[in-house]
Amino acid sequence: MSLEHFLNNAVSSWMKQEGPDSDIVLSSRVRLARNMEQMQFPTTNSNEEAKAIVEVMKDQCSERTFQELGILEFLVMEELNSLEKRVLVEKHLISPQLAEDSNYGACLLSPNEEVSIMINEEDHIRIQCLYPGLQLTEALKIANSLDDWIEEKIDYAFDEKRGYLTSCPTNVGSGLRASVMMHLPALVLTQQINRIIPAINQLGLVVRGIYGEGSEALGNIFQISNQLTLGKSEEDIVNDLLSVVQQLIAQERSAREALVKTSNIQLEDRVYRSYGILANSRVIETKEAAKCLSDVRLGIDLGYIENISKSILNELMILTQPGFLQQYAGGPLRPNERDIRRASLIRERLLLKR
């Protein structure tokens, strides 16, 4: 396995699979925040300490086999250029913070890209597991196994009363962040999303955009996650999130049914207009591409479009991001050049259909 594998394949192997409720839930993610015992947190540690943490993780984890995932690939951030790091962010393998802020960061990646272990992000260790569809329980199981696997070699900062100690107080306790990526076009079209988001926030959950905190909900894709970890078990956090997500799934399906019943021809027209833009545009910006891809995916889910695979839409949602466009071009592109290349790539990919 090599860096090129992670950079050149737009769709991770797990993204090609369909999980439960995958018409609405694109992915489930579980992340565990951990810190090494007797070491300063990344927010306050020295460069020497940061380097030492990277070396410890490399020595203890990079040559070990984890279950059926095999040996994890070790990548050092300072050895990657800005474009390579941006591609990894667009694939959700590392966070924007690790890509932008960490001079002494690193990560371990599984070949199928279900598992990512970030080093020296906000905490010393961030264990991340990604699964297709609604599979939070399964993701938690693997994350806990990874956690035990690492703890065989490394002692964590842990307090008997407070739990795992982390840089951010909201992560203290279990250190767990569970999230789902949801495609909610009908709730956006009917404007129900405007009252739903505040209600979700009142339940101790948070709604963010496609790349987490501070990002936009491009293509009607929203990330729903827990906000607090102290005082709750991992199972309670996951179950609370599952309960809300299942209600959102029901509301989105109901909204889709209502749109088909009351505005069928208008909705079908919207879907095919968006398909026409994607299939024929010579220049297209990121936001417009995301909006049109969302419409076409909705059209596939509703049966308006039958000859295009959902996996193509998953692929294009990543391929059309700025980092990937430049990776395929072999170097930096100006914004207008990216818009031209994005349109060309979409046209060519849609011709393949499946």
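**Helix contacts, salt bridges and a sheet**

Mentor: Start with two helices in contact: Pro-322, Leu-325, Gln-326 and Ala-329 in α11 meet Arg-338, Arg-341, Arg-342 and Leu-345 in α12. Keep in mind that this is a predicted model.

Trainee: What classes of residue make up the contact of α11 with α12?
Mentor: There are four nonpolar residues, one polar and three charged.

Trainee: And at what angle do the axes of α11 and α12 cross?
Mentor: They cross at roughly 85°, and the axes come within 10 Å. Helix α11 covers residues 322-329 and helix α12 covers residues 335-352.

Trainee: So are α11 and α12 roughly parallel or roughly perpendicular?
Mentor: Roughly perpendicular. Angles of 65 to 115 degrees count as that, and α11 and α12 therefore qualify.

Trainee: OK, next one along. How many residues of helix α10 are buried?
Mentor: Nine of its ten, so α10 (residues 310-319) is mostly covered. Among the buried ones are Ile-312, Leu-313, Leu-316 and Met-317. Lys-310, Asn-314 and Glu-315 are buried as well.

Trainee: What do the buried residues of α10 pack against?
Mentor: They pack against the helices α3 (82-90), α9, α11 and α12, and also against strand β12 (221-226).

Trainee: Changing topic. How many salt bridges are there in the whole structure?
Mentor: A search finds 18. In general, side chains of opposite charge can pair when their charged atoms come close.

Trainee: Give me one. What does Arg-253 pair with?
Mentor: Arg-253 forms a salt bridge with Asp-21, and their closest N and O atoms are 3.1 Å apart. The two sit in distant parts of the chain, 232 residues apart: Arg-253 is in helix α8 (residues 234-280), while Asp-21 is in the loop between α1 (3-8) and β1 (25-34).

Trainee: Is Arg-253 buried or partly exposed?
Mentor: Partly exposed, at 30% relative accessibility. Asp-21 is partly exposed too, with 27%.

Trainee: Which side chain meets Asp-295 in a salt bridge?
Mentor: That of Arg-270, at 3.1 Å from N to O. Asp-295 lies in helix α9 (residues 286-301) and Arg-270 in helix α8, so the pair ties together parts that are 25 residues apart in sequence.

Trainee: Is Asp-295 buried or exposed?
Mentor: Buried, because its relative accessible area is 2%, and buried means under 20%. Arg-270 is partly exposed, with 29%.

Trainee: Which residues do salt bridges with shared partners join into one network?
Mentor: Glu-121, Glu-122, Asp-123 and Arg-126.

Trainee: And what does Lys-232 meet in a salt bridge?
Mentor: Asp-240, at 2.6 Å from N to O. Lys-232 is partly exposed at 40%, and Asp-240 is partly exposed at 35%.

Trainee: Last topic, the strands. In what order do they run in the eight-stranded sheet?
Mentor: The order is β4-β5-β6-β7-β1-β10-β12-β11, in an open sheet with antiparallel pairing. The edge strands are β4 (73-76) and β11 (205-208), each of which pairs on one side only. On average, neighbouring strands are turned by 20° against each other, direction ignored.

Trainee: How many bridges join β4 to β5?
Mentor: Four, and the two strands run antiparallel, with β5 covering residues 106-109. To find the pairing on screen, look for Glu-73, which stands opposite Leu-109 in β5.

How values were computed:
Residues are numbered from 1 along each chain as its sequence is written. This is a predicted model: local features need pLDDT of at least 70, side-chain atom pairs count only at pLDDT 80 or more; totals for chains, interfaces and linings use all residues. Side-chain values use heavy atoms; hydrogens and water are left out. Two strands pair if DSSP finds at least two bridges between them. Axes are lines fitted to C-alpha atoms, for helices over the stretch in contact, and angles run from 0 to 180 degrees between N-to-C directions. A salt bridge is a side-chain nitrogen of Lys or Arg within 4 Å of a carboxyl oxygen of Asp or Glu. Buried means under 20% relative accessible area, exposed over 50%, partly exposed in between (1.4 Å probe, protein chains only). Angles under 35 degrees count as roughly parallel, over 145 as roughly antiparallel, 65 to 115 as roughly perpendicular and the rest as oblique. Contact means heavy atoms within 4.5 Å. Ala, Val, Leu, Ile, Met, Phe, Trp, Tyr, Cys and Pro count as nonpolar, Asp, Glu, Lys and Arg as charged, and the others, Gly among them, as polar.
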